[in-house]
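Welcome! Please take a look at the structure below, and then we can walk through some of its parts together.

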Amino acid sequence: MLSKQKMLAAVLSTAVIAFAATTGSALAQKKYDTGASDTEIKLGNIMPYSGPASAYGVIGKIEETYFKMINEQGGINGRKITFISYDDGYSPPKAVEQARKLVESDEVLFLFGPLGTPSNSAIQKYLNSKKVPQIFVATGATKFGDYKNFPWTMGWQPAYQSEGRIYAKYLLKEKPGAKVGILYQNDDFGKDLLKGLKDGLGDKAASMIVAEESYEVTEPSIDSHIVKIKASGADVYFSMTTPKFSAQSIKKLAELEWKPLYFQSNVGASVGSVLQPAGFENSQGILSAAYAKDGADSQWDNDEGMKKFYAFLAKYAPDANKADGSVVFGYGQAQTVVQVLKQAGDNLTRENIMKQATSLKDFTPDTLLPGVKINTSATDFYPIEQLQMMRFKGKKWDLFGDTISGELSN
Amino acid sequence: MSAIQEVVTEAPAVEAVPKRAMTLGYGTSLAMLLVLILVPLFVKNFVIFQLTMLLIYALAVLALNILTGGSGQFSLGQSAFYAVGAYTSAILMEHADINYALTLPVAGLVCFIFGFLFGQPALRLSGVYLALATFALATAMPQLLKLGVFEKWTGGVQGLVVTKPDAPFGLPMSQDMWLYYFTLAVSIAIYIFSVNLLKSRSGRAFMAIRDNEIAASAMGIDVALYKTLAFGVSAGITGVAGGLGAIAVQFVAPDGYTITLAISLFLGMVVGGVGWLPGSIVGSAFIIFVPNIAEGISKGLSGAVFGVLLFLVIFLVPHGARQVAVVAQHWLGKLKNG
Amino acid sequence: MELFTNQVLAGIATGAIYACMALAVVMIYQAIDHLNFAQGEMAMFSTFISWQLMQWGIPYWGAFVLTLAISFAAGILIERLLFKPLAKAPILTNVAGFIALYAIINSVAGLIWDFTIKQYPSPFGSSPFLGSQLISTHQAGMIGITVLLLILLYLFFQFTRVGLAMRAAASVPESARLVGINTSWMIALGWGMAAAIGSIAGMMIAPVVFLEPNMMLGVLIYGFAAAVLGGLTSPFGAVIGGFLVGIFENLVGTYIPGVGNELKLPIALALIITVLVVKPAGLFGRSIVKRV
């Protein structure tokens, strides 16, 4: 037998449920999953603050600072962002531990911008099975846009393969008879870029590519590889490298007085942190492709978006190095997630976050090149897909041609 | 002998630990076991996962302890054996569809053979030279795993995703909890095996070699055989740990098995106490939790904070957890008698 | 044939980097009888100090000398503060200390100077040396400095009282103490000298690989390999070892078909180990006879 009190409670709750069912539309305005409330939105993030990839830790620090600014300005729809960022030392097992801590212990709403292909690969399956969004991962590996198998994972920057295809397109048009020599980093980044280039060259890849050399990040100097590529008789040279090696390569080619048509991957095309240390005089005529503005390139000094970026740095992160590509990257990425949260409004469920992240229309963060826009849909999990070719002249990049879309058939 | 040769009375690189002091008493062991069995019932899945990793790294540290603490050979290449074990399990599970539990003995065997073979050239080396040789192995391993030739099986730079097993017989247990108890069972079996190994004739041979190689060979011990055997056993156990690690993390990639892992395992051994098997779990706890504490204190300086904490530990207890245990035992003894 | 010559020349140029580092490795080995894993990081930090001094307007050679002095003092300080207390601890505990020191220096440098690469000037310029584009004047200068250091070290260890005392303290500490050598301070002195030589290595290497907190990571592996190949007890051997490793590695990458390029370092290391198996004390090292 139920006591009188319990009966009353049962009746009351039934009534409440019935009421809620009829007026559902009115109440549904505020919906929360774990990690969101009237006052707070919790975001999780994983970065290599220590270990071999610690150079990228800056991205996490800038994002944290950006959210601090947003919070000072009143937050998003009245809610403050709590940004919990953990260190994985670029080790996949540690990334799994940290991702689980974020989801199960800190109870974040979703993971934003975890860095690195190995780490993201390691946590992808777990997050998808838990239905926790893993959005705007900080890597250009093509596999993070596979909406059919991993509907809770999406990228942000252009896929490395897209970049490779854009170079292929340019090359086929401008120099179809080229003899191509390639230096690439022996990891997911280098191999993806190489694959994009080969796919783009299609049947001609085999006949055009005369030398392919890979290097390890632990190698102190890449001279030997360059000597070998030069000996192959190549007249087009691809440097699919990260900043330190990009600078070494530019300098070495100058020392060898070898002047092929020079393509430099976007990752290593920063004016302040690559070309300047390598010497502007050695960098003339180098080709690359970009989607974001360069923080140390004077042509953007009067650009509206970049003025905001510089003002942000001056006020909130005076120690940050604007020449560091990672600083620009973190700012743009944080701005994109803020847009997603704004769009989500009061419906802060994981499902709606994913829905909003996949319905960005012509969104342009301050740091993207004019004409480059973020567009996503339920079947397009690659936010930034456009790049523009550029050539280095004097002390800055000269953009030329239209923004090219390097869409991958996926 | 020529005049330029230097004659040195070399102190052994690893101090002698009497074999009785290498283990815990029955009472303490049982209490420890009880804690390990009960804790998962009261904590979140995420903590259970951490505890699983704790056991797995403890196994790897234990393996290194058998090699260094037992036979006096130094290794910075344990990450290589760990990687081979992990990839063996992952490849068997994903490509050959073999049950996860069956992949572990294979991983162990493959690593045993690998370690035994590696022990052959290592025989001629000692001290820093052996350190360099094992170090070379550790730096070479990620590059081997990336190699285009093996990409079909290893997944190259992208790695391999592994499926996590469910609890068998419809046991009402989460995947994490099941894997924890499974790992615990494997760990206990290996621990008992290791303790008995060190107590056996072979164990005594290991220790005789550690304490004085020349004297050991004079006593009729086949130094070459036992040294390579120590390498084999150590590699085999590390391989099983690697296999378990692959299943727990559900992913293998070259970046997970760099020299950093080998260094972590080495630190675990030092902090736990070289040659003291129960210390392995303390060392394992150190390498899992102290980096988390360090980043909690300062993100930008997490490396520095970790370094400072490590210095503190080795200043206070240069002999690791073993020293703490000895002191504790001493006080307990006094308490009982007084 | 031209490719062969070019690769050998490029190998010599890269080998100069390894040789320079190997010298510093041998120096510390002479003083403390084991390898210091933090040595590369100490060299990196010294190089950053010199860079900072130049940013403040001090000319190259001024900064060079100042950095040498600072590094020497810092080396002694590190030994006195951090490793003297560990003198009685087991060797493996000391190795753990090196790893801790490595983590601290790397992390602090990253925080102060961030991780973007910095251009580092060379006093020798970077024009082709003797008409060869493969060896620049900087690399030739670096080889010159290495050889000069080598001669100085040789003279120091063979003919000065302090040098002889240091050797004695490292190889037979007991007997050294009996003849009145302050072995504890000899070790500190060894740290100071190793730090100073390391700083020279860093300042010579930085113009080639660019200055950043992780610049020594790879160099140290090769430096160890070179020192061990040449013989840890022989500065001359270490320098030769450096050049051999540089050339070795390039030829492996160029002429072993298929995997040579991807496995250049592992194959080079395997070759070194093979050499060690045949000659356990390295090519030029003195073999050590153990007494029971």
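In what order do the four strands of the open sheet in chain A lie, and is their pairing parallel or antiparallel? The order is β3-β2-β4-β5, and the pairing is parallel.

## Before going further

This is a predicted model, in which local features need pLDDT of at least 70 and side-chain atom pairs count only at pLDDT 80 or more, while totals for chains, interfaces and linings use all residues. Residues are numbered from 1 along each chain as its sequence is written, and chains are lettered from A and ligands numbered from 1 in the order in which they are written.

Strands of a sheet pair through backbone hydrogen bonds, either parallel or antiparallel. Here two strands count as paired if DSSP finds at least two bridges between them. Helices (H or I, at least four residues) and strands (E, at least two) are DSSP runs, numbered from the N terminus.

At the edges of the sheet stand β3 (80-87) and β5 (134-135) of chain A. Each has a single partner strand, so one side of each is left without a neighbour in the sheet. For β5(A), two bridges make the parallel link to β4(A), and Ile135(A) in β5(A) stands opposite Phe112(A).

For β3(A), eight bridges make the parallel pairing with β2 (residues 40-47) of chain A. Leu43(A) is found opposite Phe83(A) in β3(A). Together with helix α3 (residues 57-72) of chain A, β2(A) and β3(A) make a right-handed β-α-β unit. A crossover is right-handed if, with the strands pointing away from the viewer, the path from the first strand over the helix to the second runs clockwise.

## Chain A as a whole

Chain A holds 15 helices and 13 strands. Its C-alpha trace spans about 95 × 45 × 40 Å along the principal axes. The radius of gyration, taken over C-alpha atoms, can be set against a globule rule of 2.2 Å times the number of residues to the power 0.38. With 410 residues, a compact globule would come out near 22 Å, and the 24 Å of chain A agrees.

Domain bounds come from an automatic or database domain assignment. For chain A, that assignment gives domain 1 (40-158 + 300-379) and domain 2 (160-290 + 391-405). Their C-alpha centres lie 28 Å apart. Between them, 11 residues of domain 1 are in contact with 13 residues of domain 2, where contact means C-beta atoms, placed from the backbone, within 7 Å.

Which residues of chain A have a positive phi without being glycine? Glu107(A) is one of them, with a phi of about 50°, and Asp362(A) also has a positive phi of about 50°.

Glu107(A) sits in the loop between α4 (92-105) and β4 (110-112) of chain A. Asp362(A) belongs to the loop between α15 (350-357) and β12 (386-393) of chain A. A residue is buried if 20 or more other C-beta atoms lie within 10 Å of its own, exposed if 12 or fewer, and partly exposed in between, with C-beta atoms placed from the backbone. Glu107(A) has 14 C-beta neighbours inside 10 Å and so counts as partly exposed, while Asp362(A) is exposed, with 7.

Chain B has 14 helices and three strands. Its C-alpha atoms fill a box of roughly 65 × 60 × 45 Å along the principal axes. Buried residues make up 56% of its 338 residues.

Now find Ala205(B) in helix α8 (residues 201-211) of chain B. Ala205(B) is buried, with 23 other C-beta atoms within 10 Å. Leaving aside neighbours within four places in sequence, Ala205(B) is in contact with Ile221(B) and Tyr226(B).

## The largest nonpolar core

A nonpolar core is a set of buried Ala, Val, Leu, Ile, Met, Phe, Trp, Tyr and Cys residues joined through C-beta atoms within 7 Å. The largest one has 342 residues, and Leu59(B), Ala22(C), Leu23(C), Val25(C) and Ala225(C) have the most contacts inside it. Helix α1 (residues 2-32) of chain C gives the most, with 20 residues. Domain 1 and domain 2 of chain A both give residues to this core, so it lies between them.

Leaving aside neighbours within four places in sequence, the contacts of Leu59(B) are Ser187(B), Ile190(B), Ile237(B), Val240(B) and Ala241(B).

Terms used
Two residues are in contact if their C-beta atoms, placed from the backbone, lie within 7 Å.
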